[in-house]
Amino acid sequence: MSRPLIGITAYFEAARWGSWVREAVLSPPAYAKAIERAGGAPIVLPPLNLHAIDDYVRGLRGVVLAGGVPLGADTYGAERDERVEEAQAHRDRFELALARAAVQADVPILGIARGMHVLNVAQGGTLIPWLPEVLDNDRHGEPHTPHVIQVSVSSKLGKAVGDKIEVVSPHTQSVRRLGNGLLAVAWAEDQIVEGIELQGHRFGVGVQWHPERGKEGGTDSKLFDALVEAAR
């Protein structure tokens, strides 16, 4: 059985190898390895221009919207918060267009961390720009502290990972208003949304944590198995 092609969004920025410093397309290898283990064929997508979006969607059987720096506040009609890392406008434009095209074409999507936010904003949703201010604490920003996520058992996410999962998922932003067609399907104990799902779509799932990191992320390969299965 042939392996379905799964695209992975990536950075486009300066990198060093040897004595050279050049612009490079960068993607942590954990994404590609997780897709390969699940039976897919990973392809890294450079965020260069929007002209190739339709070609990508026609040729790919699935898309991973990968993690990274926060989306620019302008993408969801908010003012920039100086406490938030500076956005990468070229990546925002590319990934939002890719997400919208993949939704329209019913191509399976897995949004991870930033990728969940991309999926939500692409569907017209908004984000909380600085979560610690809303909660009056930074418990979601703690880099090594696991917490339990409650998952809807009737969702595609729940069928893949179960009704509860312990994850490490540091983040300072979160979903505020859900985008069109999206449902919240996973929550932290304080009801912050940690998973979303697109109704009526073959597989449109976003999670706040990093399943590609294995047990540290909380799900091992289960979500990637589900993505590749949908892509087949």
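A: One term before we start: the radius of gyration is taken over C-alpha atoms, and the globule rule is 2.2 Å times the number of residues to the power 0.38. Also, keep in mind that this is a predicted model.
Q: OK, so what radius of gyration does the protein chain have, and what would a compact globule have?
A: The protein chain has 17 Å, and a compact globule of 232 residues would be near 17 Å, so the two agree.
Q: And what does the C-alpha trace span along its principal axes?
A: About 45 × 40 × 35 Å.
Q: How many helices and strands are there?
A: The protein chain has seven helices and 13 strands.
Q: What share of the residues is buried?
A: Of the 232 residues, 53% are buried.
Q: Now one residue. Where is His 51?
A: His 51 sits in the loop between strand E4 (41–45) and helix H2 (53–59).
Q: Is that His 51 buried or exposed?
A: Exposed, because its relative accessibility is 74% and the cut-off for exposed is over 50%.
Q: How far is His 51 from Phe 94?
A: Their C-alpha atoms are separated by 9.7 Å, although the two are 43 residues apart along the chain.

Terms used
Residues are numbered from 1 along each chain as its sequence is written. This is a predicted model: local features need pLDDT of at least 70, side-chain atom pairs count only at pLDDT 80 or more; totals for chains, interfaces and linings use all residues. Side-chain values use heavy atoms; hydrogens and water are left out. Helices (H or I, at least four residues) and strands (E, at least two) are DSSP runs, numbered from the N terminus. Buried means under 20% relative accessible area, exposed over 50%, partly exposed in between (1.4 Å probe, protein chains only).
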